[in-house]
Amino acid sequence: MYWFKNVMIYRLTKRLDWSEEALQRNLAQNAYHPCGQSDMSKFGWAEPLRGSPLLHFSVNKQILLVAHKEEKIIPSHVVKRELDNRVEELEQKENRKLKKTEKQELKDDVVSVLLPRAFSKNQQTAVWINTETNLIYVDAASSKRAEDALALLRKSLGSLPVVPLAFANEPADVMTSWIAEGKTPQYLTALEEAELKAADDKGMIRCKNQPLDSEEILSHLGKGKFITKLALDWDDHLSFVLNDDGTLKRLKFADNIREKNDDILKEDYAQRFDADFILMTGELAKLTENLLDDFGGEKARL
């Protein structure tokens, strides 16, 4: 199962048709196929559930997609060495310096020769669509990776009107007040890790394994620094780092949550996949609801 390790949340600004037949047909236009001998990279949709021909997994109005990227890895020093040898050989043979365009043609030829022997790097990005709340969650640690997956979905569907989920109250202000006043929401526990920044962005402090209610940390907050990253535990269900842009990093579901479906036999892979997906999405949906409540709801858009 794709237990999310990072979460970037996006708001769909209008409802789309998520019927399974239409979704499968649209995704199939951009299905992932392994790189051929002459391909540098391939990017497309892979089957979330092993052994299933479907490019989506749907249950309880929740949809899981998996974007698969394969890239051929050719070390730059290998290309340079082979190119330098070819350039030197040709320049000596013709007794002249090669033009820039000629060197580029040689480089392209070197890459095409090396491609069939290159190793592949594979990367999968899970995308969860909550059709009840009209939110899309992307398991990505960088906005670039998340946007790549959303761009593939937009290409497949023809349209994907989304914006990053934004809270009404600035997370940095709220997180700072939690620690400064020693009052986190009842369901949250601040862990001993945070990042503090000065208002002018000229100063930054990272602390780990240090009580946030210590005199040193409170002194920094009293002098105007803001908390921009804060490690939290949510009701003993999962821990994560909350960033000031509303993204969640380093999600770790507690053992008591991940083990809830251990009574399902390993042989029943599809059933366990189904149960774990329902469990994970339920937890993250509830966490999102809690965060929206404590950050004053969703930011109004013009």
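1. At what angle do helix α2 and helix α3 pack, and how far apart are their axes? In this predicted model, α2 (residues 76-94) and α3 (residues 100-114) pack at about 130°, with axes 10 Å apart. The crossing of α2 past α3 is right-handed.

2. The α2 side of this contact consists of Val78, Val79, Glu82, Leu83, Arg86, Val87, Leu90 and Glu91. These meet Lys103, Leu106, Lys107, Asp109, Val110, Val111, Val113 and Leu114 in α3. By class, the residues of the contact comprise 10 nonpolar and six charged, with no polar ones.

3. Five strands form an open sheet in the order β9-β8-β10-β11-β12, and their pairing is antiparallel. The edge positions belong to β9 (204-208) and β12 (248-253); each has a single partner strand, so one side of each lacks a neighbour in the sheet. From one strand to the next, the twist averages 20°.

4. Within this sheet, β10 (residues 226-234) pairs with β11 (residues 238-243) in the antiparallel sense over six bridges. Asp233 has Ser239 in β11 as its bridge partner.

5. Helix α5 (residues 171-181) lies across β8 (188-197), β10 and β11, and runs at about 70° to β10. Helix α6 (residues 215-222) also packs on the sheet, where α6 touches β8, β9 and β10. The direction of α6 makes about 55° with that of β8.

Note on methods. Residues are numbered from 1 along each chain as its sequence is written. This is a predicted model: local features need pLDDT of at least 70, side-chain atom pairs count only at pLDDT 80 or more; totals for chains, interfaces and linings use all residues. Side-chain values use heavy atoms; hydrogens and water are left out. Axes are lines fitted to C-alpha atoms, for helices over the stretch in contact, and angles run from 0 to 180 degrees between N-to-C directions. Helices (H or I, at least four residues) and strands (E, at least two) are DSSP runs, numbered from the N terminus. A crossing is left-handed if the near helix is turned anticlockwise from the far one by less than a right angle, and right-handed if clockwise. Contact means heavy atoms within 4.5 Å. Ala, Val, Leu, Ile, Met, Phe, Trp, Tyr, Cys and Pro count as nonpolar, Asp, Glu, Lys and Arg as charged, and the others, Gly among them, as polar. Two strands pair if DSSP finds at least two bridges between them.
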